[in-house]
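Please open the structure in your viewer and keep the selection panel at hand. The tour below goes from one selection to the next and says what is found at each stop.

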Amino acid sequence: MMSHVSEDKVKQLADMLRIAVTEEEATRYTEHLNKMVDYVKCLDEVDTDGVEPMTHAIELKNVMRDDEPKQWITQEQALKNAPDHEDGQFRVPAILD
Amino acid sequence: MTFKKHSIKEIEKMLHNNEITVKDLVESSLNRIKEVDDQVKAFITVDEENALKKAEQLDQQTNKDAKLFGIPGAIKDNIVTKGLRTTCGSQFLSNFTDPLYDATVVDKLHEAEAVTVGKLNMDEFAMGSTTENSSYQTTHNPWNLDHVPGGSSGGSAAAVAAGEVLFTLGTDTGGSIRQPAAFCGVVGMKPTYGRVSRFGAVAFASSLDQVGPITRTVEDNARILEVISGRDKMDMTSAHEDVPAFSEGLTGDIKGLKIAVPKEYLSEAVDPEVKEAVMNALKLYESLGATWEEVSLPHSKYAAAVYYIISSGEASANLARFDGVRYGVRSEKAKNMLDMFRLSRSEGFGDEVKKRMFLGAYALSSGNYEAYYKKAQQVRTLIKQDFDHVFANYDVIVGPTTPTPAFKIGEKNFDPMVVYARDVTTVPINLAGVPAISVPCGFSKDGLPFGLQIIGKHFAEQTVYRVAHAFEQATDFHKTLPQLGGAQ
């Protein structure tokens with residue numbers, strides 16, 4: 001099987017996806033991704049010259065509505081499922097080390 | 001009270017005649033869950049207290065006219081339920097105990113006065129076809145506990161087959177309602193894209209996802225879809241189409257119906273027993289006055305590749321919202337914010353979910369977009385056109401829902417070719433956005449059920465239901481029940 005995607009590329013994708021990977025995982029995900037990429041290459045057989053890409057299953061037009069303010073959730077509710085919060089705000093670890 | 005043998009319509013009559021109470025019904029459901037769910041493992045959460053409270057409240061009411069008055073049902077765990085834990089089958093959301101609102105479909109069920117008794121197991125974030133990817137448990141097929149129930153809505157299909165509830169909701173992105181319905185011998189409907197609001201259904205692939213009902217009979221299924229369908233101002237992709245009374249169009253009359261049978265759906269990969277069941281179904285349709293012809297959907301073999309690129313691409317974007325800040329589990333190890341994202345997502349997501357996100361991010365990344373993502377969208381157009389061409393001359397497309405009956409738990413056949421052969425009959429339907437139902441159409445010599453799939457034109461659910469119902473009424477497959485332990 002041809003390998004198209006390097007382990008470095010997978011580490012770069014992991015960084016973009018904000019998913020920490022170990023060396024073992026990077027190797028494993030690289031192997032899997034290469035299998036998938038080899039498989040989806042079958043689409044190259046299909047002549048798609050001049051074919052419009054389909055972005056949605058049904059025809060959609062822009063849907064406009066009035067911008068009306070309404071009561072949605074309270075600050076208290078918004079924080080209810082958060083792992084950590086303080087003074088009515090989501091609390092996260094330091095942004096800088 | 002045992003409701004396993006009764007339709008919703010029959011139960012409605014019994015409630016109206018005061019032969020039973022809602023409490024009887026809900027207790028029957030809860031008792032059945034206690035009796036069999038340690039074997040079946042369909043439920044992640046059972047909400048006994050609120051279900052009984054709701055039952056008592058409904059029993060006080062004099063007006064019993066709501067469309068699902070007192071009917072016990074359950075919801076796949078990727079559909080949010082206010083104040084009731086919603087996990088998406090993921091450890092990431094194990095602490096998401098207090099969702100702030102009900103999904104529109106849940107609102108509509110409650111407006112129709114159904115009683116929801118709990119939340120159902122699924123593959124993590126609906127990625128998988130066995131429930132083995134659930135962070136919580138593997139659901140077992142009620143027909144043979146050594147086999148999978150299918151997935152990702154495996155809990156939804158197994159709960160109905162085991163007689164734990166009268167109906168469930170599932171979601172279907174690439175077959176996740178129809179395949180488990182076929183494996184569990186029940187009726188599962190994937191409606192037209194846009195027929196049902198997706199508001200509150202946790203997004204996997206937004207251009208493919210649809211919520212739909214799983215039930216024991218076609219008539220029950222049509223009634224649930226009537227309740228949950230319709231335009232929703234909270235989902236801009238929900239359609240403005242009128243919602244016909246699906247359950248009232250079940251006349252049994254299919255004279256003159258033109259059926260198309262795609263040769264790609266009956267390839268060598270299809271088990272001979274399944275093929276025979278489909279051929280028998282076609283003979284039956286002929287005897288009811290329909291005609292059938294073989295057709296071709298020539299781009300079917302590319303559907304799995306298109307599906308994996310598009311669904312994984314959309315998933316990699318949709319799952320960005322799980323960051324350990326607003327909900328979900330945060331990694332204990334993180335010392336700064338970036339690590340909080342990385343470690344929470346690394347610990348929270350399972351292997352299959354990560355694999356799909358890597359594929360999605362790869363296909364969407366700069367330099368690859370044209371070659372993979374746009375290419376897949378173009379082939380998607382051709383797949384949809386295949387359906388348009390067939391539907392110009394035929395009313396419905398009929399074939400097997402799956403090429404084989406349910407496989408064994410732990411079999412985990414990762415040979416991609418085998419997995420993709422399984423996708424050929426289900427995935428193209430989501431890519432084209434058309435509606436499709438699976439109805440029981442036979443059993444293997446080992447006693448595992450098969451499903452017949454009936455596919456319709458956009459928004460032609462009424463025709464799909466009529467054709468499914470005509471088959472069901474002429475056969476006894478839906479009357480056979482799995483031999484699980486217990487009283488029912």
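The term pLDDT stands for the predictor's confidence in each residue, on a scale from 0 to 100. The model is a predicted one, and on that scale chain B has a mean of 95, with 97% of its residues at 70 or more. For the complex, the predictor reports an ipTM of 0.94 together with a pTM of 0.97.

Begin by selecting the strands of chain B that form its open sheet, which has eleven strands in the order 1-3-2-4-6-5-10-11-9-7-8 and mixed pairing. At the edges you will find strand 1 (43–46) and strand 8 (291–295) of chain B, and because each has a single partner strand, one side of each is left without a neighbour in the sheet. If you look from strand to strand, neighbours in this sheet are turned against each other by 30° on average, direction ignored.

Next, select residues 396–400 and 449–455 of chain B, which are strand 9 and strand 11, paired in the antiparallel sense over four bridges. Within this pair, Val398(B) stands opposite Ile454(B) of strand 11 of chain B.

Now turn to the contact between the chains, to which chain B gives 53 residues and chain A gives 43 residues. On the side of chain B that touches chain A, the elements that give two or more residues are helix 9 (303–318), helix 10 (337–348), helix 11 (351–364) and helix 12 (369–391) of chain B. Helix 12 of chain B supplies the largest share of that side, eleven residues. Coloured by class, the side of chain B that touches chain A shows 29 nonpolar, twelve polar and twelve charged residues.

For the last stop, select Pro53(A), which lies in the loop between helix 2 (23–40) and helix 3 (75–79) of chain A. Which residues is Pro53(A) in contact with, leaving aside its neighbours within four places in sequence? They are Lys374(B), Gln377(B), Gln378(B) and Thr381(B). Pro53(A) counts as partly exposed because it has 14 C-beta neighbours inside 10 Å.

How values were computed. Residues are numbered from 1 along each chain as its sequence is written. Chains are lettered from A and ligands numbered from 1 in the order in which they are written. This is a predicted model: local features need pLDDT of at least 70, side-chain atom pairs count only at pLDDT 80 or more; totals for chains, interfaces and linings use all residues. Two strands pair if DSSP finds at least two bridges between them. Axes are lines fitted to C-alpha atoms, for helices over the stretch in contact, and angles run from 0 to 180 degrees between N-to-C directions. Two residues are in contact if their C-beta atoms, placed from the backbone, lie within 7 Å. Ala, Val, Leu, Ile, Met, Phe, Trp, Tyr, Cys and Pro count as nonpolar, Asp, Glu, Lys and Arg as charged, and the others, Gly among them, as polar. A residue is buried if 20 or more other C-beta atoms lie within 10 Å of its own, exposed if 12 or fewer, and partly exposed in between; C-beta atoms are placed from the backbone.
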